[in-house]
Amino acid sequence: LLVCVRHKCLNLLSRQKMKDRVHHLLKADTSPSIAPLEAMIAEIDRETDKYEAILAYMDTELTPQTRKVLDLRFRQKLKYREIATELGISEVAVYKHLAQGIRKLKQKFNP
């Protein structure tokens with residue numbers, strides 16, 4: 001849980017830095033094409049909000065084991081065998097947790 005919180009904080013900080021850089025570039029740019037850049041910023045904000053909603057859903061609705069398996073697979077890019085070894089479960093259990101987590105996320109965010 002501590003690692004998840006740390007990663008979420010680091011992600012939020014990096015997104016904020018990116019937003020600050022984009023806003024700084026927008027201020028420095030005097031060309032009339034600012035409107036498309038503002039649209040891009042709005043799209044980034046929507047994607048950021050969607051990502052945060054997914055993380056919040058994972059924290060509240062998924063089991064701790066499923067959440068941990070998803071984190072190890074998609075954030076740390078570990079293989080099934082490595083996840084199974086680290087958590088002390090079988091590779092089949094890793095597969096089932098991944099399938100369950102992905103299915104729930106799809107049902108919620110991609111109906």
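Which residues in α3 meet which residues in α5? In this predicted model, where local features need pLDDT of at least 70, side-chain atom pairs count only at pLDDT 80 or more, and totals for chains, interfaces and linings use all residues, Gln65, Thr66, Val69, Leu70, Arg73 and Phe74 of α3 meet Val94, His97, Leu98, Gln100, Gly101, Ile102 and Leu105 of α5. Residues are numbered from 1 along each chain as its sequence is written, and side-chain values use heavy atoms, with hydrogens and water left out. Contact means heavy atoms within 4.5 Å. Helices are DSSP runs (H or I, at least four residues), numbered from the N terminus.

The axes of α3 and α5 (residues 91-109) come within 9 Å. They cross at roughly 95°. Axes are lines fitted to C-alpha atoms, for helices over the stretch in contact, and angles run from 0 to 180 degrees between N-to-C directions. Helix α3 is therefore roughly perpendicular to α5 (65 to 115 degrees). By class, this contact has seven nonpolar, five polar and one charged residues. Ala, Val, Leu, Ile, Met, Phe, Trp, Tyr, Cys and Pro count as nonpolar, Asp, Glu, Lys and Arg as charged, and the others, Gly among them, as polar.

Glutamine 100 belongs to α5 and is among the residues that meet α3. Its relative accessibility is 23%, so glutamine 100 counts as partly exposed. Buried means under 20% relative accessible area, exposed over 50%, and partly exposed in between (1.4 Å probe, protein chains only). The C-alpha atoms of glutamine 100 and threonine 66 are separated by 7.6 Å. These two residues are 34 residues apart along the chain.

Helix α3 (residues 64-75) also packs on helix α4 (residues 80-87). The angle is about 135°, and the axes are 10 Å apart. The two helices are therefore oblique to each other, a class that takes the angles left over once those under 35 degrees (roughly parallel), over 145 (roughly antiparallel) and 65 to 115 (roughly perpendicular) are set aside. Gln65, Lys68, Val69, Leu72 and Arg73 in α3 meet Tyr80, Ile83, Glu86 and Leu87 in α4. This contact has five nonpolar, one polar and three charged residues.

The loop between α3 and α4 holds lysine 77. Its phi is near 60°, a positive value in a residue other than glycine. Lysine 77 counts as exposed because its relative accessibility is 63%.

The largest nonpolar core has 12 residues in all: Tyr57, Met58, Leu62, Val69, Leu70, Leu72, Leu78, Ile83, Ala84, Val94, Leu98 and Leu105. Such a core is a set of buried Ala, Val, Leu, Ile, Met, Phe, Trp, Tyr and Cys residues joined through side-chain atoms within 4.5 Å. Helices α2 (34-61), α3, α4 and α5 each give two or more residues to this core. In soluble globular proteins, nonpolar side chains tend to be buried together. Beyond its neighbours within four places in sequence, alanine 84 is in contact with Ile89, Ser90, Glu91 and Val94.

Valine 92 also lies in α5. It counts as exposed because its relative accessibility is 52%. Arginine 15, in helix α1 (residues 2-28), is buried, with a relative accessible area of 13%. Its contacts, leaving aside neighbours within four places in sequence, are Thr48, Tyr51 and Glu52. Valine 92 and arginine 15 are 35 Å apart in space, C-alpha to C-alpha, and 77 residues apart in sequence.
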